[in-house]
Structure formats: C-alpha cells, structure tokens
Amino acid sequence: MLPGFYLFMVDRYLRFLQSRSNVRLVSSRVLPCETLELNFSKSKGLSYTPTSIMFVNVPSISKLQWHPFTITSSSSLEPEKLSVVIKSEGSWSKKLYQMISSPVAVDRLNVSVEGPYGPASTHFLRHDLLVMVSGGSGITPFISIIRELIHTSESQKCKTPEILLISVFKNSQDLTMLDLLLPISGAPSETCKLALQIEAFVTREKQPISAEEKKNLRTIWFKPNPSDEPITPVLGQNNWLWLGAIISSSFIIFLISLGIMNRYYIYPIDKNTNDIYSYPIKAVLNMLIICISIVITSSAAFVWNKRKSGTDANQIQNMEGASPMASPNSWFYNADREMESLPQQSLFQSTNLHFGERPDLKRMLFERKESSVGVLVCGPKKMRHEVANICSSGLASNLHFESISFSW
C-alpha cells in the first residue's frame, strides 16, 4: 500500500499548494445561451494537451466547491492565454453567470484553479478524417482539438486530418457556441488551411430567428489585483524532473528519519519485543514522518520554482497593466478588434444549419469512405451510446470510436 499512498500524498499536497493563490482572470466572453468563456493569463511555460480539464473555485460563490471544466484554448496556438467554457446549468454556474453578465458587472473576481490535467498525448493526426459529434455544451472539448489542429496546420508540414463537426443544439441561441471555435486572438484566414465542415442541428425550432431577435456575445474585461498570478506549472517547465526529485528525496528523508526514530526512541523502550511500545502509535508516527518528509521537499520545490517564474509573471502583469486599446501588439487588443470587426463569414461559410430535425448519425457515418475515420463523441448518454453502437456494429471497419465524457 505504501507506494500508492505515497504518490497520492505528493500529488494531493502539490495540488493544495497550487490552489492557495488567486489567478489572473483577464476577460470573459458572455454568450446569449447563458454560457461563459473565462480567459486567464498563463505563463508560456505551461503546456497541456487538448481535452484537458481544470478545476475552478470562486470563493465569492463557495469556498469549498471545486468544479472541473474543459479547457478550450490551445497552449500551442495561444501561449499566453488559457480559456474554459462554463455552461449555466447548475446552481453554482448560474450564480457565476448572473454575477458576470449582470448590468452592474463586477470589475474583478477572485478565482483559484487546480490543473490542468489531461491525457499524456493525443492521436488525432493518425486519422484521415475526424468526425466530432457533440450535443449542447459537449462541443467544448472539440474546441481545443480544432484550435490545436489550426496550429498544426500553420506550423508543421504534415497533413492535418479533415474535420466534420456534427453539433446538436436545442435552440438558435446555442449556435453562438460555434463562435468559440475561433480563438480570441485568431485571424479568419487561419481556419482556411483547415478542412472544416460543420453540420449544426437545432432541434426545437423550425426556422432561424430574425436579426432583431438575435443577440451577439459580448466581452467583459476585468481589473485583476497586482497580487493575482498567471497560471504557471506547479513545478516549473521541467516538472517531471522536479517530481522525481521530490519523490526520491522525500523517501530518503523518510527512511533516515524512520531509522533515527527506531534506533534512538523506540528500540530503547521495547528492546525489539514489541510488548511495551504500542504498534498503533508506532504506525501513526511512521505516517507522520511520511507527511513531514513530503511537506518539506514539496514546499521547497514549489517555492523555488515560484521564485524562478516570478520574472515572467511580472512581465505578464506589466503587459496587462496597459489598457486593451493601448497595446496594439497584445492579444487583448486583438480580441477587442476582432470581436467588433469579424463578420463570422469565414466560419459559417462551411456551416450547414438544419432546423427542426436531428442528425441521421448512421447515414452520416457510414457514407464516409476514408480509410481511417476517428469518431469522437461528447454529449448526452443516449447520443454516446448511439454512436458507440454504430461504430461497433461491424458494418464499417474504418470507424474508430472514442468517447469524451466525465460520466459514462
């Protein structure tokens, strides 16, 4: 039991250290479908894979509740920004949406995070075609994948797979979630190098709403405290080396402390008979030594890396101190400019809208004749099971199923 417990204690304490400080929340995009995109400042050394998640805590709503949300940004395409999308569905997320979207919106918000956590690697490039099936807010993990493929198509010579995004929404207001496919600092031309086809289905409406009824998303800028920090790796860029150093050094300290305790405290009392000294108390002392060893080494590594990253944090803070319109080279300025001028034509040229119907998933999947088709699905349980049954039916050998869900 010791190895598993030891690694758990190291991980749990490092997460505790990370969650103690407030992070720098820069802006929020408010969608009319009661959805928020929170944009945090992060250091360039923090990298993560698509479909990663991050735990978010807002003390003004609840000091104890930590909620996991999918990261929609790409650390390759957006090196100084990290974004999560929050759909207003539960009581906690509804309070957050009301707090940010109210006419008298807050100018700053204390937020703590844990993470990001995600798969060690992704294999999206191995397929000729990616079919992404989403229902409602299930589109969020696909946003990070699409943004990552945008960067791959721009920076690498290898061919990126084609993408067919099948999104199912309840009403027209939810279609604004498609606007999040473009990064806040992305240019319309970046999507042209990516073969992206979107099939959007609105199930509860027979026709699109009029232009007068349509509501656009809006951006809210916050004024962080000087003490707020950008999201940084807990153990710096070489986190695996630091983690190995913590585990090995703390275990060595544990063994030395255990030997000293047994030789100079326990042995003089029981003389190796175990009749005098209580075994439960001895076990408690061993556990205490383990915890002390982990706290000492983890705290030292955390403080060391935090000091090293302090220079980068100050540079980011100075950059964000200027107003968005005063820094034409920063992504903050680009966000305002593009949110005002981007007509969304580049995205919706490849979008087919269907009202009052649901997608015929069996037909749409079976008609794909590419040699390797990766099928990813995220949404309601019924949708995930339907896609899984289609891929496992044996009628099409080129379909490779993968579910992205927190509750199967």
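Let's begin at the largest pocket of this predicted model, which is lined by 45 residues. Those that lie nearest its centre are Glu 89, Gly 135, Gly 136, Ser 137 and Gly 138. The volume of the largest pocket is about 1300 Å³. Where does its lining come from? Several elements supply at least two residues each: the strands β4, β5 (81-87) and β8 (162-169), together with the helices α2 (91-101), α3 (140-155) and α10 (381-391).

Now turn to the second largest pocket, with a volume of about 900 Å³. Here 28 residues form the lining, and the closest to the centre are Ser 47, Pro 116, Tyr 117, Asn 239 and Trp 240. The elements giving two or more residues to this lining are α1, β6 and α4 (239-270). Which of them gives the most? That is α1, with 6 residues. The lining of the second largest pocket divides into 15 nonpolar, 11 polar and 2 charged residues.

Strands of a sheet pair through backbone hydrogen bonds, either parallel or antiparallel. In this open sheet, 3 strands follow the order β4-β3-β6, and their pairing is antiparallel. At the edges are β4 (67-70) and β6 (112-117), each pairing on one side only. From one strand to the next, the twist averages 25°. Helix α1 (residues 2-18) packs on the sheet, where α1 touches β3 and β6. The direction of α1 makes about 135° with that of β6.

Finally, look at how β3 (residues 53-57) meets β6: 4 bridges join these antiparallel strands. Asn 57 stands opposite Ser 112 in β6.

Note on methods:
Residues are numbered from 1 along each chain as its sequence is written. This is a predicted model: local features need pLDDT of at least 70, side-chain atom pairs count only at pLDDT 80 or more; totals for chains, interfaces and linings use all residues. Side-chain values use heavy atoms; hydrogens and water are left out. Two strands pair if DSSP finds at least two bridges between them. Axes are lines fitted to C-alpha atoms, for helices over the stretch in contact, and angles run from 0 to 180 degrees between N-to-C directions. Contact means heavy atoms within 4.5 Å. On a 1 Å grid over the protein atoms alone, a cavity is a set of points where a 1.4 Å probe fits but cannot get out, and a pocket is an open set with protein on both sides within 12 Å along at least five of seven lines; lining residues have an atom within 4 Å of a point. Grid points are joined across faces, edges and corners, and a volume is the space filled by probe spheres set on the points. Ala, Val, Leu, Ile, Met, Phe, Trp, Tyr, Cys and Pro count as nonpolar, Asp, Glu, Lys and Arg as charged, and the others, Gly among them, as polar.
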